[in-house]
Amino acid sequence: MSTTPIPASTSHYPAAPASQKSEPHTLSVLVDNEPGVLARVIGLFSGRGYNIDSLTVSETEHEKHVSRITIVTRGTPMVIEQIKNQLERLIPIHRVIDVTLTGQAIEHELALIKVQGTGDQRAHALRIANDFDARVVDDTTESFVFEISGATEKIERCVAALLPVGLIEVSRSGIVAITRGVAEM
Amino acid sequence: MKMEMTGAEMVLEALKDQGVEHLFGYPGGAVLPIYDEIFKQKQIKHILVRHEQGAVHAAEGYSRSTGKVGCVLVTSGPGATNAVTGLADALMDSIPIVCITGQVPTHLIGNDAFQECDTVGITRPATKHNYLVKNVDDLPRVLHEAFYVAANGRPGPVVVDIPKDVQFAKGMYERPKNAEHKTYRPRLKGDPDKIRAAVELIAKAKRPVFYTGGGIINAGASELLREFVRLTGYPITSTLMGLGSYPASDRQWLGMLGMHGTYEANWAMHDCDVMICLGARFDDRITGRVDAFSPGSKKIHVDIDASSINKNVHVDIGIVGDCANVITDMLAVWRQMNAQPDKAALAGWWKQIETWRARKSLSYRKSDDIIKPQYAIQRLYELTRDKDVYITTEVGQHQMWAAQFFKFEDPRRWMTSGGLGTMGYGLPAAVGVQMAHPGSLVIDIAGEASVQMTMQEMSTAAQYHLPIKIFILNNQYMGMVRQWQELLHGGRYSESYSESLPDFVKLAEAYRGVGIRCEKPADLDAAILEMINVDKPVIFDCMVDQNENCYPMIPSGRPHNEMILGDSGENIEDAISEEGKMLV
């Protein structure tokens, strides 16, 4: 019988095929809002060695006690499929939707940005904030807090722009996502 | 109809409603109200173990040999932490267990109270699901749900943690209503299109092989599997967990596959053109080196757990469903298509398989002076084969020899720790099996190192008059550790010698059992027959060749077609690359 020549690797364990590239995916996870459910999800990621780039969670349907967890993770398509299947195996999980695969989902986050400064620097900061449609939510003689929402990339640019004019602190929500159009997830 | 009762009463009531007859456990402060209820009734029999790990393994043995959910009751803190090894074992091997743990009163949770631990936190990754019940009104639902979750879909262990004040509190008990869960709905029926595609592929195969696992046993699909395998005429191999689902005496049976599988099974896997994986999970002990695993085959994988599909090995057709359902559907499609296997191709394939089989990979050098461990298992098998026998094992060389040399004809006769590889599993598992099958012959094939990890359960066996037979292959080494040290670490036997062993015969007597020692091959048959006929727990100290290694073996980092045979003369240290030595 013929045997195929064996490549140089000697790993006993599966390695990601070289042809597959690691890519970010956003997963929407609908769960029963019960104690410990977030620990289950996070424990699964740490226990199985998956990455979490960002994670948000909040109850979205109060009567049904259903929460939505939005996770941005990364991996090869095989790993992403594995993450989805592993999540769906958890008992209190209703559904897992890979919104990246649904295409054109809205993926936004919110940031609160504190900027310190007086005089010209202060005016400059305010101009930048205006350019990014950021809102002033707190205002003292020597500081602003701006609120900005939108795509991660927009927030990154805003933060970068404010950095030289007195940015001292940023708090970000992480990504929340929803599909476009009338269809529910 | 609702009835008012205390939480502790609810526990007993729910167990009865779930059909529980045996409960393995150990009392303690945080479960005293439940033990008080046990005292007041006769319907459920409690088996007092000597260590909580033993309780879970006993429940596993009970469950695997009966198909029922195994039930465990332990106290808070150390009671729960001691049970963790058993729970992790049940999770890896998909054994349905409900484990009830006591917890400190709700107002003390988080205060580092006496015998407090974060049981749900600790057991979360070691269970299929777990619950902390803080309100007595939730208790009936949670208990019924626990049984549903443990037994349905891919089975597994479920922990229900009940604080002591909840056990005392009064609430309304409700009997189990509908057998459904609000979110957990395992997929049982396979996708019809995929099933059809799979059957078409199977029918056209020229070099097919069935590769089956524990999922067949869990699904109760053994008869269906036999029908399908005989209908096709294809060869079949199985994982450690699946032994017994297909009769080992049948011509189509190739023996177990994997690291210590037969030559013919592993070569058939390597050279096949269609692999039909039913209820197995491409574990690393099966695949060997993944990038060289069965390189030329189309792979079909049927599993009830979607996360098992494409986890380790990419498959061409992945079908999520219960094996019994899927094989039934496959049989229907096969008949409806009037499929005919390619007789000529199959004949050639079988001819090839026979040449591999002729290699007699399980052969070993016989001896008249010293008992070879393989010979001991062979004789044990031949002298018990006409009996109603159940086998449990510990973990190590003896386990592999048992898998190779004990031939199973039926499912649920073989209880072993496959996934987690828990030394100390076999003795308590035998206790559980004997409890479920009082008149049967239950043998724990053991090693002298493993069995000492849970030896205390001999006391349980004595207490309940369970005539389990502990058949120790005593080579005075942690044999598999010693074998790996020989292969990978230049024969430096670091800490693997079983120093200061107890006198097992006296030990058996100390536990009010019977001890038998055998040192010569000529005495073996008589000694085994003596063991079988004793109606008490027996420790059989079988002194075997200390230097025997377990072959065939696929060395770490090697594919299926590069296995080492016992008589190959290959220098084994050279057979394993530097990278291979890094692997487990």
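Modeller: One term comes first, since the description of several residues rests on it: contact means that heavy atoms lie within 4.5 Å. Please keep in mind throughout that this is a predicted model.

Biologist: With that cut-off, which residues are in contact with B:T239, leaving aside its neighbours within four places in sequence?

Modeller: Leaving aside those neighbours within four places, B:T239 is in contact with B:Y211, B:T212, B:G213 and B:G214, and also with B:M256, B:L257, B:A280 and B:I286. As for its place, B:T239 sits in the loop between β10 (236–238) and β11 (253–256) of chain B.

Biologist: What makes B:T239 count as buried or exposed?

Modeller: The relative accessible area of B:T239 is 9%, and buried means under 20%, so B:T239 is called buried. B:Q485 belongs to helix α19 (residues 479–488) of chain B, and, neighbours within four places in sequence left aside, its contacts include B:G490, B:R492, B:Y493 and B:S496.

Biologist: Why can the salt bridge of B:R413 with B:D388 be said to tie together separate parts of the sequence?

Modeller: In this pair the closest N and O atoms are 2.5 Å apart. B:R413 lies in the loop between α16 (397–405) and β16 (414–415) of chain B, and B:D388 in the loop between α15 (373–384) and β15 (389–393), so the pair ties together parts that are 25 residues apart in sequence. B:R413, with a relative accessible area of 22%, is partly exposed, and B:D388, at 37%, is partly exposed as well.

Biologist: What do you call A:K64 and A:E61, going by their relative accessible areas?

Modeller: A:K64 has a relative accessible area of 56%, and since exposed means over 50%, A:K64 is exposed. A:E61, with 29%, falls between the cut-offs of 20% and 50%, so A:E61 is partly exposed. The two form a salt bridge, with their closest N and O atoms 3.1 Å apart. Over all chains, the structure holds 36 salt bridges, and A:R89, B:R154 and B:D305 are linked in a network of them.

Biologist: How do you know that strands β1 and β3 of chain A pair, and in which sense?

Modeller: Pairing asks for at least two bridges, and β1(A) and strand β3 (residues 66–75) have 10, so they count as paired; the sense is antiparallel. One of the bridge partners is A:V72 in β3(A), which pairs with A:T26. β1(A) also pairs in the antiparallel sense with strand β4 (residues 93–98) of chain A, over 5 bridges, and there A:L27 has A:D98 in β4(A) as its bridge partner. Strand β1 (residues 23–32) is mostly covered, with 8 of its 10 residues buried.

Biologist: What makes a group of residues a nonpolar core, and how many residues has the largest one?

Modeller: Its members are buried nonpolar residues joined through side-chain atoms within 4.5 Å. The largest such core has 111 residues, and B:M330, B:F471 and B:F540 have the most contacts inside it. Helix α13 (residues 323–336) of chain B gives the most to this core, with 8 residues. Apart from it lies another core, of 43 residues, including B:C99 and B:I539.

Biologist: Which residues make the nonpolar surface patch, and why may A:V137 belong to it?

Modeller: A:L110, A:L112 and A:V137 make the patch, of about 210 Å².

Note on methods: Residues are numbered from 1 along each chain as its sequence is written. Chains are lettered from A and ligands numbered from 1 in the order in which they are written. This is a predicted model: local features need pLDDT of at least 70, side-chain atom pairs count only at pLDDT 80 or more; totals for chains, interfaces and linings use all residues. Side-chain values use heavy atoms; hydrogens and water are left out. Buried means under 20% relative accessible area, exposed over 50%, partly exposed in between (1.4 Å probe, protein chains only). Helices (H or I, at least four residues) and strands (E, at least two) are DSSP runs, numbered from the N terminus. Patches are made of residues with over 30% relative accessible area and no salt bridge: like charges are joined within 9 Å, nonpolar side chains (Val, Leu, Ile, Met, Phe, Trp, Tyr) within 5 Å. Accessible areas come from the Shrake-Rupley method with a 1.4 Å probe; for residues, only the protein chains shown count as cover. A salt bridge is a side-chain nitrogen of Lys or Arg within 4 Å of a carboxyl oxygen of Asp or Glu.
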